[in-house]
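Colleague: Please walk me through this model. I want to learn how to read its features.

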Amino acid sequence: MARAIWTGVITFGLVSVPVGLFSATEDHTVHFHQLQRGTSDRIRNRRVNERTGDEVDGDDIVKGFELDEGEYVVVEPDELDEIAPGRSQTIDITDFVDLEAIEPVYFDRTYYIAPRGEEYAKVYELLRAALAKTNKVGIASFVMRNKQYLTALRAEEQVLVLQTLHWADEVRDPHQELPALPSGRAGKGKELDMALQLVGALSGSWEPARYHDTYQEKVHELVQAKAEGQEIAPAEKAPAATNVIDLMAVLQGSIDQTRGGRKTEEEPREKPAPARKTTRKTTGKAAKKTAARKAPPKTARASGTARSQRGTSKSELRQLSKAQLYERATEYGITGRSKMSREELIDALARAGRRRKKSAA
């Protein structure tokens, strides 16, 4: 069970409820150690005096704010501790605002908030239900680990969520910071109509589990392949920028490709259904005859195995359409394939490919 990283109380008006703060996310990044090339020797970072090259002990290090080149204001660690606001015990809601009024750029990290005990659940749920019904968020500030945070407290199903916000002076103005932005005349006419068609063709429901960190998956594949002495195919190059002259043709091609791809992806889910309706139970000799008719010739099975052993890395499988993945999953005899998403088919095929390679070896 997760441990609270902060405990205190939420207050709104004269109402208060003791709560704990919990991380809502976790990092799945692949972490590496630094080694000297050609050895297994770890590389360590050390604090070294830039002028003398000597290593400096942590107790002899102070902070310096540079006023001018080579001119610093030196600040001792104790001086920072003296002015720090300390560890706040309160998330004091001062305002309630519409959730849609907060621009996404202001949101930073997400945490879950839970009541510290069943006896506080009623007041906790009262606040959650009020926020959910009004579609409001509670704006508050609190201090954690010697840093003050601006936060938005909002309601989700059965849980309160606290999101830290950037302060106003931390958010950059895109009109001042970015080198070029389109004029108001852009994005109109037939091009916009076709772009709207493409958006409609690609629209669907939000399903977070459909999306994966493919780069981290490729890092795992690279590490595993190198450990086994294998090569891994490099990633494809980024596509070239679209020529404005060809924009209409590119948009139309995108719409046709999307509609055709979605129709193809739906076919594998529809094909198995008739087979289930016409299936009859057979026993004894009849079952053996049926199995014999369904089984492919040995030569075909052998060639199918040879085909299935090619292109079983995830990077190669991702180059196939869902229909092709489904066909290959059928060759492998992967159960439950008709209900799998594209990424689930890729994972299942990659695992099956590794098993076949091991058994063949």
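This is a predicted model: local features need pLDDT of at least 70, side-chain atom pairs count only at pLDDT 80 or more; totals for chains, interfaces and linings use all residues.

Modeller: Residues are numbered from 1 along each chain as its sequence is written, and side-chain values use heavy atoms, with hydrogens and water left out.

Colleague: How many helices and strands are there in the protein?

Modeller: Helices are DSSP runs of H or I with at least four residues; strands are runs of E with at least two; both are numbered from the N terminus. The protein has 12 helices and nine strands.

Colleague: What share of the residues is buried?

Modeller: Buried means under 20% relative accessible area, exposed over 50%, partly exposed in between (1.4 Å probe, protein chains only). Of the 361 residues, 22% are buried.

Colleague: Which residues of α4 are buried?

Modeller: Met194, Leu198 and Ala201. Seen down the axis of α4, they fall within an arc of 60°, so they line one face of the helix. The arc is that of the directions from the helix axis to the C-beta atoms. Leu196 and Val199, on the other side of α4, are exposed.

Colleague: Which strand pairs with β2 (residues 15-23)?

Modeller: Two strands pair if DSSP finds at least two bridges between them. β2 runs antiparallel to β6 (residues 107-115), with five bridges. Leu21 has Ile113 of β6 as its bridge partner. β6 also pairs with β9 (residues 159-165), antiparallel, over five bridges. There, Ile113 stands opposite Leu160.
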